[in-house]
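Me: I am new to this structure and would like to know what stands behind the words used for it. Please show it, and then I will ask.

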Amino acid sequence: MKQITAIIKPFKLEEVREALAECGVTGLTVTEVKGFGRQKGHTELYRGAEYVVDFLPKVKVEVAVKDDDVERCVDAIVKAAHTGKIGDGKIFITSVERVIRIRTGEVDDDAV
């Protein structure tokens, strides 16, 4: 079992959610986060004063999937989140040792 963590642009969230639903994903976790990568933030003007925005708003999407579904889900995220511009985001895939559904006590693949 794997956990897919995708850091994406906020306006792409709905497209990513729909793409994952088409892959059969029934649940995911979304967190509003801030950060920067190669784009290193940007400068903005506010009331005539220029200031630097170091951390850009992003959305972190986390989903646990069976090993067989990883590539299909990753491809769906890439297609849905892609704009071709800097700051599109990153995807991290990590191994999950164990999952337990609290309500039923189901474990591992049954709990996903």
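Me: Leaving aside neighbours within four places in sequence, which residues is Asp88 in contact with?
Reply: This is a predicted model, in which local features need pLDDT of at least 70 and side-chain atom pairs count only at pLDDT 80 or more, while totals for chains, interfaces and linings use all residues. Residues are numbered from 1 along each chain as its sequence is written, and side-chain values use heavy atoms, with hydrogens and water left out. Contact means heavy atoms within 4.5 Å. On that basis Asp88 is in contact with Ile7, Ile8, Lys9, Ala81, His82 and Thr83.

Me: What makes the pair of Asp88 and Thr83 a polar contact?
Reply: A polar contact is a pair of N or O atoms within 3.5 Å; within protein, one must be able to donate a hydrogen and the other to accept it, and residues adjacent in sequence count only if both atoms are side-chain atoms. The side chains of Asp88 and Thr83 make such a contact at 2.3 Å.

Me: Why is Asp88 called buried?
Reply: Buried means under 20% relative accessible area, exposed means over 50%, and partly exposed is in between (1.4 Å probe, protein chains only). Asp88 has 16% relative accessibility, so Asp88 counts as buried.

Me: Where is Asp88 placed?
Reply: Asp88 is in the loop between helix 2 (70-81) and strand 6 (89-95). Helices (H or I, at least four residues) and strands (E, at least two) are DSSP runs, numbered from the N terminus.

Me: Where does Lys12 lie, and why is Lys12 called buried?
Reply: Lys12 belongs to the loop between strand 1 (2-8) and helix 1 (13-22). Its relative accessible area is 9%, and therefore Lys12 is buried. Apart from neighbours within four places in sequence, Lys12 is in contact with Ala80, Ala81, His82 and Thr83.

Me: How many disulfides are there?
Reply: A disulfide is a pair of cysteine sulfur atoms within 2.5 Å. By this rule the count is zero. Cys23 is in no disulfide, since the nearest cysteine sulfur, that of Cys73, is 4.5 Å away. Cys73 is likewise in no disulfide, with the sulfur of Cys23 as its nearest, 4.5 Å away.

Me: Why are Cys23 and Cys73 called buried?
Reply: Cys23 has a relative accessible area of 13%, so Cys23 is buried. For Cys73 the value is 1%, so Cys73 is buried.

Me: Why is Glu14 called partly exposed?
Reply: Glu14, a residue of helix 1, has a relative accessible area of 40% and is therefore partly exposed. The C-alpha atoms of Glu14 and Glu62 are separated by 14 Å, and the two residues are 48 apart along the chain.

Me: What makes Arg101 and Asp108 partly exposed?
Reply: Arg101 is at 28% relative accessibility, so Arg101 counts as partly exposed. Asp108 is at 30%, so Asp108 counts as partly exposed. Arg101 is found in the segment after strand 6, and Asp108 lies in the segment after strand 6. Phi of Asp108 is near 50°, a positive value in a residue other than glycine.

Me: Which residues does Phe55 touch, not counting those up to four places away in sequence?
Reply: Phe55 touches Lys34, Gly35 and Phe36. Phe55 is in the loop between strand 4 (49-53) and strand 5.

Me: Which residues lie nearest the centre of the largest pocket?
Reply: On a 1 Å grid over the protein atoms alone, a pocket is an open set of points where a 1.4 Å probe fits, with protein on both sides within 12 Å along at least five of seven lines; lining residues have an atom within 4 Å of a point. The largest pocket is lined by 19 residues, and Gly27, Val63, Ala64, Val65 and Val112 lie nearest its centre. Strand 5 (residues 56-65) gives the largest share of the lining, four residues.
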